Amino acid sequence: GGGEDTHLFMRLHQAGLKIVWSAEAIAYESIPASRTTFQWLLRRNYWGWSIYSLVEKELYPQPKIFLVRLCKGLALMILGILALIPGLLRGKHHLYRACIRTAQGAGTIMGLLGRRTTWV
């Protein structure tokens, strides 16, 4: 269902292992045109943030972590919604950013509730 990489890396971090970045590593990936649409970006942000919350909830079941993640999700949604009207006035980029932030917040909350489905 997805999220395996997130789960693996969060478990490695939980076990105290260090994850490092290598600027010398070269990776090539083709990106199909279907992944360049606004709708795809909305779905991807919703899904990615829901998976992160779902995995975090499983690996770190403490109520404090749940509450912090819930507050972050609500804040993202509120900030996104508040930015919609200025986004309409400032142009597509700002409007899209507001929508994506809202999708991230919704994904966060739905992940905490155990939902993995796509939003859009």
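How many aromatic pairs does the count come to? In this predicted model, the count comes to one aromatic pair. Phenylalanine 38 and tyrosine 96 form this pair, and the pair is stacked. The ring centres lie 4.0 Å apart, with 15° between the planes. Phenylalanine 38 belongs to helix H2 and tyrosine 96 to helix H5, so the pair ties together parts that are 58 residues apart in sequence. Phenylalanine 38 has a relative accessible area of 24%, and tyrosine 96 has one of 31%.

Helix H2 spans residues 38-59 and contains 22 residues. From its first C-alpha to its last, helix H2 reaches 32 Å, close to the 32 Å expected at 1.5 Å a residue. The buried residues of H2 include Leu42, Tyr46, Trp47, Ile51, Leu54, Val55 and Leu59. The buried residues of H2 pack against helix H1 (4-14), helix H3 (63-82) and helix H5 (92-112).

Arginine 43 also lies in helix H2.

Phenylalanine 9 is part of helix H1. This residue counts as partly exposed because its relative accessibility is 42%. Leu8, Phe9 and Ile19 make a nonpolar surface patch of about 260 Å².

Definitions and conventions:
Residues are numbered from 1 along each chain as its sequence is written. This is a predicted model: local features need pLDDT of at least 70, side-chain atom pairs count only at pLDDT 80 or more; totals for chains, interfaces and linings use all residues. Side-chain values use heavy atoms; hydrogens and water are left out. Helices (H or I, at least four residues) and strands (E, at least two) are DSSP runs, numbered from the N terminus. The expected span of a helix is 1.5 Å times one less than its number of residues. Buried means under 20% relative accessible area, exposed over 50%, partly exposed in between (1.4 Å probe, protein chains only). Contact means heavy atoms within 4.5 Å. Patches are made of residues with over 30% relative accessible area and no salt bridge: like charges are joined within 9 Å, nonpolar side chains (Val, Leu, Ile, Met, Phe, Trp, Tyr) within 5 Å. Accessible areas come from the Shrake-Rupley method with a 1.4 Å probe; for residues, only the protein chains shown count as cover. A salt bridge is a side-chain nitrogen of Lys or Arg within 4 Å of a carboxyl oxygen of Asp or Glu. Rings of Phe, Tyr and Trp (its six-membered ring) pair if their centres lie within 6.5 Å; planes under 30 degrees apart count as stacked, over 60 as edge-to-face and the rest as tilted.
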